[in-house]
Amino acid sequence: MTTAPAAPAASERFQHTVIGGWMRRLTESSSPRRSHWQTRLIYYGAAAQLLETSDGSPLTWRDIVVTAGPRGCRSTFYEVAGARARHRMVDELINDGGSDAVQIALRYLRNDPVDQLIDETKVWSFWPYRQQFAWSLAVLPPDEADAKLIEGIEAWARHHPALARSVDHTPPACAVEDLTVIHENRLSGTRAAQRLTEVMTTTMKGMR
């Protein structure tokens with residue numbers, strides 16, 4: 001008689017989320033992916049800078065390429081963003097195949113490559129905040145872990161208001177995935193995205 005494999009512990013689930021794996025593979029690899037990550041950092045930084053300094057006009061890929069400086073060009077922009085970009089975050093979610101991962105992917109599947117870049121820029125910008133409290137999500141009861149995650153989102157949004165407001169207050173996708181992990185299949189990817197979007201919208205309104 002065989003027994004079903006035990007479900008991974010909460011701490012392990014937070015360490016091995018889909019988006020966490022995507023970040024880890026890109027940032028820790030010594031292969032050509034490493035240079036690709038450096039290119040991504042240039043474009044993430046350019047997008048964040050433009051959002052913080054713009055007058056609210058929609059960003060274009062040309063704006064981002066110019067802000068990226070000497071290493072910016074159309075070809076490398078489309079290696080990072082767009083339907084044929086390499087190592088897209090949304091592809092990782094789709095390829096995972098889990099119900100929540102696919103629901104999150106559908107929320108972040110963009111026609112506009114600039115919006116796609118901004119979604120990934122939000123994850124990159126929020127990641128240091130997540131690293132500060134992710135360990136505690138695994139040991140806290142769900143209601144407290146939920147509150148801790150919301151607190152982190154609010155802190156990030158207050159420090160990066162233009163980025164937080166962009167693309168209709170869409171939250172960092174990694175936070176959406178973390179919320180589904182906290183609630184262990186009791187909160188779908190779709191509902192988690194809706195809930196954090198409401199948190200972001202409320203936080204931004206409170207800053208006006």
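**A covered helix and a perpendicular helix pair**

Helix α11 is mostly covered, with ten of its ten residues buried (under 20% relative accessible area; exposed is over 50% and partly exposed lies in between, with a 1.4 Å probe and protein chains only). Helices here are DSSP runs of H or I with at least four residues, numbered from the N terminus. The model is predicted: local features need pLDDT of at least 70, side-chain atom pairs count only at pLDDT 80 or more, and totals for chains, interfaces and linings use all residues. Residues are numbered from 1 along each chain as its sequence is written, and side-chain values use heavy atoms, with hydrogens and water left out.

The buried residues of α11 are A173, C174, A175, V176, E177, D178, L179, T180, V181 and I182. D178 lies in this helix, which spans residues 173–182. Its relative accessible area is 0%, so D178 is buried. Contact means heavy atoms within 4.5 Å. Beyond residues up to four places away in sequence, D178 touches F14, T17, R130, L137 and L149. Just after α11, E184 takes a positive phi of about 45 degrees.

C174 is also buried, because its relative accessible area is 2%. C73 has 29% relative accessibility and therefore counts as partly exposed. The structure holds zero disulfides (pairs of cysteine sulfur atoms within 2.5 Å).

Helices α2 (residues 18–28) and α8 (residues 113–137) form a crossing pair. Their axes come within 12 Å and cross at roughly 85 degrees. The two helices are therefore roughly perpendicular to each other. Axes are lines fitted to C-alpha atoms, for helices over the stretch in contact, and angles run from 0 to 180 degrees between N-to-C directions. Angles under 35 degrees count as roughly parallel, over 145 as roughly antiparallel, 65 to 115 as roughly perpendicular and the rest as oblique. From α2, the contact uses I19, G20, W22 and M23; from α8, it uses E120, V123 and W127. By class, five of these residues are nonpolar, one is polar and one is charged.

I19 also reaches other residues. Leaving aside neighbours within four places in sequence, I19 is in contact with M89, L93, V123, W127, A173, C174 and E177. The largest nonpolar core has 62 residues. Such a core is a set of buried Ala, Val, Leu, Ile, Met, Phe, Trp, Tyr and Cys residues joined through side-chain atoms within 4.5 Å. Residues with the most contacts inside this core are I19, I64, F77, L117, V123 and F126. Helix α8 gives the most to the core, with nine residues.

Conventions
Nonpolar A, V, L, I, M, F, W, Y, C, P; charged D, E, K, R; others polar.
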